Amino acid sequence: MTLLSAIRSRLVILIPYVWLLFFFLLPFMIVLRIALSDLEYGSPPYTPQFSLSDGWSGIWDKLSTLDFENFAFLVGDSLYINSYLSSLKIALISTLFTLAIGFPLAYGMARAPDRIRPTLLMLVILPFWTSFLIRVYAWIGILKQEGLLNQFLLWLGVIDTPLEILSTNTAVYIGIVYSYLPFMVLPIYSALDKMDESLVEAARDLGCTRIGAFWKVTARLAVPGVLAGCLLVFIPAVGEFVIPDLLGGSGTLMIGKTLWIEFFNNSDWTVASAIAIILLIVLVVPIVWFQNAQAKAAEAGK
Amino acid sequence: MPSLGNIRRSFAPWEDPAAKPYISFQNVTKRFGTFTAVENLSLNVYEREFFSLLGPSGCGKTTLLRMLAGFEEPTEGELYLDGQPLKGVPPHKRPVNMMFQSYALFPHMTVADNIAFGLKQDGMAKPERDERVAQMLKLVKLEQFAGRKPHQLSGGQRQRVALARSVAKRPKLLILDEPLGALDKKLREETQFELMDLQQELGLTFMIVTHDQEEAMTMSDRIAVMDKGVIVQTGTPAEIYEAPNSRYVADFIGSVNILEGKVTPAGEGRIVLDGPDGRITGAVRDGAPATGETAWFAIRPEKIEIGRTPPEGAVNRLEGEVWDIAYLGDMTIINVKLASGTVVQAATLNRFRLVEDPIGYEERVWLSFNPDSGVVLRS
Amino acid sequence: MNARWSWFNITSVVFGFAFLYLPIVLLVIYSFNESRLVTVWAGFSTKWYGELFRNQGLLDAAWVTVRVAFISATVATVLGTLAAVSLVRFTRFNGRTLFTGMVYAPLVMPEVITGLSLLLLFVSINFARGFWTVTLAHITFSLCFVAVVVQSRLVTFDRSLEEAAQDLGCPPFQAFMKVTLPVILPAVISGWMLAFTLSLDDLVIASFTSGPGATTLPMKIYSQVRLGVTPEINAVCTILIGVVSVGVIIASILTKTREVQRQRDEQAAFAQ
């Protein structure tokens with residue numbers, strides 16, 4: 001009986017563990033190995049192929065053909081370097097804009113009357129449940145040359161000729177801010193919502209001005225939420241594909257899009273893998289940071 | 001020899017060397033990593049006893065209970081229930097039921113389903129089960145609440161459901177972890193007596209954990225006072241109160257004055273303590289401390305007389321100034337500051353409504369007490 | 001936090017929600033546009049919805065998507081719940097750090113990487129790409145979301161409930177099934193719903209791991225969107241938005257009424 005339950009409790013860990021090892025970790029190993037291989041026209045389009053029939057020496061010979069050629073290629077070609085840099089720049093700027101819009105929204109929600117707060121919260125979560133693709137697509141009709149925004153501005157008389165927004169980086173910024181806004185608002189809101197209003201009152205009582213109390217108390221206590229929100233926006237934004245592809249133009253360089261093109265249009269699996277590896281390395285610091293924060297939050301929840 | 005307190009007991013199996021213990025902890029140690037929760041602890045509890053484990057939070061009392069229920073295994077030592085070793089027996093196979101501090105009522109089940117849970121688990125047939133549930137509901141006076149969910153009950157009602165659920169299987173031993181901790185004071189006092197009645201009625205052995213000394217005093221046949229994983233003293237409520245074996249126990253149960261001094265023997269089972277507060281004569285029951293050793297005289301406030309004139313013929317008397325007066329209705333507590341700076345507490349019972357010229361602040365007063373009224377403590 | 005709701009607060013909330021909802025509202029409105037030119041309003045019409053139901057390719061894709069979403073959400077919920085239990089209950093086991101990492105990492109992993117790596121896995125084990133590869137891929141990334149949702153409920157779960165069940169004679173596994181699972185069920189269900197919509201929405205991972213005959217709805221929409229905005233796509237999107245919103249709103253109203261009922265009961269209980 002106890003043996004059976006011991007086996008059961010092992011299985012509880014083992015099943016998801018093995019699943020993730022096989023479908024999450026192993027694929028990364030394969031990406032790494034292909035990134036070190038050479039491009040070859042065939043199926044699959046890379047070399048060497050390992051097979052058990054090679055024997056140990058055969059495998060060893062093939063292992064020695066693995067090299068960092070693809071990485072050298074990436075470093076040598078300014079297209080890739082620029083893609084990375086431009087991704088980081090676009091993600092960073094979008095994150096700041098998202099914060100600028102998300103913080104006042106979260107703050108306003110946290111101060112809203114009790115009755116309507118659950119509704120507001122649901123309204124922020126709702127877009128998260130609706131398709132990402134659809135929400136990005138909705139902006140095409142708004143931003144294009146003869147789109148609704150230009151029609152509206154022409155009608156107002158603010159502009160004489162339609163603005164060119166779609167297929168520029170501006171459209172990409174708008175798309176990212178729009179798509180990731182809930183990710184920014186939710187952690188900030190939950191940080192502010194937990195806060196005790198009497199803390200602000202205490203600060204005011206001790207001689208702070210309204211703005212002083214906001215900066216010294218409210219803003220400080222929201223820092224963990226702000227950091228979580230920024231990471232939740234920044235990390236996926238760096239590797240974003242759909243937004244630059246649909247809203248950006250030919251001049252919009254983002255690494256996710258570059259990877260996609262290498263893979264689907266150029267069928268260059270080895271370079272695509274190398275791009276993925278470098279993208280991962282770029283993101284390792286923020287991802288580890290985020291993970292630690294998550295683990296700490298989970299620990300604190302206990 | 002006069003007895004301690006004023007209760008004459010007819011139930012005292014612990015005084016009978018032939019009695020077989022029902023629960024027996026033998027040199028039990030429990031460690032969590034480097035933290036020792038319970039250290040080399042031995043304890044016997046007898047059938048039909050109402051036994052309390054009393055101590056501050058973190059003293060290991062809950063760990064002791066959890067080892068009995070089977071949620072923790074001892075790191076070292078053995079545990080016996082009715083002569084059978086409990087090692088390796090999982091919680092669901094132990095003939096022991098527990099009432100949890102949080103009550104742990106299943107939120108998705110009705111009151112009746114909660115009570116029936118253990119019976120169903122035993123495979124009891126439905127008619128018999130229904131009857132037992134009805135009986136339990138009657139016992140805790142919740143007949144009309146059978147169909148309610150736990151969140152539709154008040155705190156006191158939840159407590160009674162938890163109790164009914166834990167006794168429904170008619171366990172020989174019921175373990176209660178701070179059973180009254182979540183109730184307000186008035187409800188707690190009522191429930192204490194209900195618990196005692198229930199224990200009598202069902203003939204169970206109760207093992208209860210509490211940090212509330214009054215609760216332990218009210219309900220228990222015996223109390224074990226715990227500190228940092230060890231039992232400091234085991235005894236009846238009167239023994240614990242009147243004859244504590246250490247300053248820790250004396251201080252933990254009720255209020256006490258502790259006066260320090262160096263020992264000189266005074267003959268006839270008495271010693272004298274010479275300390276900063278003066279000379280105090282105390283009676284020694286067993287194990288007199290050696291001459292020159294530091295010891296303490298512990299005396300309860302209600303055993304100290306207070307007056308304006310030096311008491312004639314009193315063995316122990318101390319002079320001081322009234323520092324604080326607290327009127328509590330049934331009694332008045334007066335804090336007196338001695339010349340040494342020590343503050344001694346005296347309590348007087350207010351037996352008369354009108355008192356002429358009561359003692360006031362900053363008056364000079366005399367405190368006196370018998371050598372037998374307190375105990376000499378060596379630790 | 002509860003204080004005066006200032007004009008600044010109200011403005012930022014109104015502005016924020018306008019920004020969040022205006023594009024969706026416009027998209028829905030223009031799905032009822034008579035004209036094929038999506039940006040010129042030419043009168044109300046539901047003809048594009050009619051067109052939709054004659055578009056076999058779109059309907060096939062929708063059916064594939066729903067099946068993938070249903071299977072992957074269900075499997076991911078089981079695996080994710082197991083993972084959550086492991087994370088919360090077993091604080092010490094070999095490789096726990098790796099396990100924790102593997103559970104949290106997919107939450108923030110760029111989709112292109114997840115998609116690419118899974119595709120390469122399927123290629124190297126010679127697994128024919130199609131319906132099942134998409135499903136396996138979706139299980140893998142959504143199980144992590146389920147794990148996080150269930151975990152956050154499990155950490156606040158009072159373990160003495162499970163101990164009480166064991167104390168009353170339940171073996172540990174039964175105690176979990178009879179007591180813990182019913183109590184955390186709302187979190188498990190929202191985990192399932194999350195996994196379902198994640199699968200329903202996913203374009204990138206599906207594009208990498210899909211094969212012939214397994215085109216999902218987002219892939220279909222994407223391929224048409226690249227050719228430009230059409231009222232037909234607006235109509236598909238409107239239906240998708242409608243289905244998801246109705247689901248989420250019903251779910252949250254149910255939770256809300258239960259919560260309100262519960263609070264009322266509690267007040268009544270304490271008033272006795």
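User: UniProt positions here follow the numbering used for this model, feature names are shortened, and annotations may be inferred rather than shown by experiment. With that said, which residues of chain A does UniProt list for "domain: ABC transmembrane type-1"?

Analyst: UniProt lists residues 84–290 of chain A, from an unreviewed entry. Before going on: this is a predicted model, where local features need pLDDT of at least 70, side-chain atom pairs count only at pLDDT 80 or more, and totals for chains, interfaces and linings use all residues. Residues are numbered from 1 along each chain as its sequence is written, while chains are lettered from A and ligands numbered from 1 in the order in which they are written.

User: Ok. How much of the 84–290 span of chain A is helix, and how much is strand?

Analyst: The span is 79% helix and 0% strand, and its end C-alpha atoms lie 21 Å apart. Helices (H or I, at least four residues) and strands (E, at least two) are DSSP runs, numbered from the N terminus.

User: Where does the record put "transmembrane region" in chain A?

Analyst: The unreviewed UniProt entry gives residues 12–36, 88–108, 120–140, 171–192, 213–238 and 269–290 of chain A. Among them, 88–108 is 100% helix and 0% strand, with end C-alpha atoms 30 Å apart. Residues 120–140 are 90% helix and 0% strand, with the end C-alpha atoms 27 Å apart.

User: Which domains is chain A divided into?

Analyst: Domain 1 (24–67) and domain 2 (80–301); the bounds come from an automatic or database domain assignment. Their contact takes 10 residues from domain 1 of chain A and eight from domain 2 of chain A, where two residues are in contact if their C-beta atoms, placed from the backbone, lie within 7 Å.

User: What gives the most to the domain 1 side of that contact in chain A?

Analyst: α1(A), with four residues. Both α1 (2–35) and β1 (38–39) of chain A supply at least two residues there. By class, that side has eight nonpolar, one polar and one charged residue. Ala, Val, Leu, Ile, Met, Phe, Trp, Tyr, Cys and Pro count as nonpolar, Asp, Glu, Lys and Arg as charged, and the others, Gly among them, as polar.

User: Switching to A against C: how many residues are in contact?

Analyst: 83 residues of chain A and 72 residues of chain C. α1(A) brings the largest share of the chain A side, 18 residues. That chain A side divides into 62 nonpolar, 13 polar and eight charged residues.

User: And what does the secondary structure of chain C come to?

Analyst: 11 helices and zero strands. Of its 272 residues, 47% count as buried, meaning 20 or more other C-beta atoms lie within 10 Å of a residue's own; with 12 or fewer a residue is exposed, in between partly exposed, and C-beta atoms are placed from the backbone. The C-alpha atoms of chain C fill a box of roughly 70 × 60 × 35 Å along the principal axes. Among chain C contacts between residues at least 6 apart in sequence, 76% join residues at least 24 apart. UniProt also places "domain: ABC transmembrane type-1" (unreviewed entry) at residues 62–254 of chain C, a span that is 81% helix and 0% strand.

User: How many residues has the largest nonpolar core?

Analyst: 161, and those with the most contacts inside it are A:Ala106, A:Ile275, C:Leu116 and C:Ala147. Helix α8 (residues 169–194) of chain A gives the most to this core, 16 residues. A nonpolar core is a set of buried Ala, Val, Leu, Ile, Met, Phe, Trp, Tyr and Cys residues joined through C-beta atoms within 7 Å.

User: What does C:Leu116 touch?

Analyst: Leaving out residues up to four places away in sequence, C:Leu116 touches A:Val31, A:Leu259, A:Phe263, A:Ala272, A:Ser273, A:Ala276 and C:Phe208. There is also a second, separate core of 104 residues, including B:Phe100 and B:Leu204.

User: Now chain B. How far apart are the centres of its two domains?

Analyst: 39 Å, taken over C-alpha atoms. Chain B is divided into domain 1 (13–248) and domain 2 (255–377), and four residues of domain 1 of chain B are in contact with five of domain 2 of chain B.

User: In what order do the four strands of the open sheet in chain B run?

Analyst: β2-β1-β4-β5 of chain B, with antiparallel pairing; two strands pair if DSSP finds at least two bridges between them. The edge strands, β2 (35–45) and β5 (84–85) of chain B, each pair on one side only. β1 (residues 23–32) and β4 (residues 76–81) of chain B pair over five bridges, and B:Ile23 has B:Leu81 as its bridge partner in β4(B).
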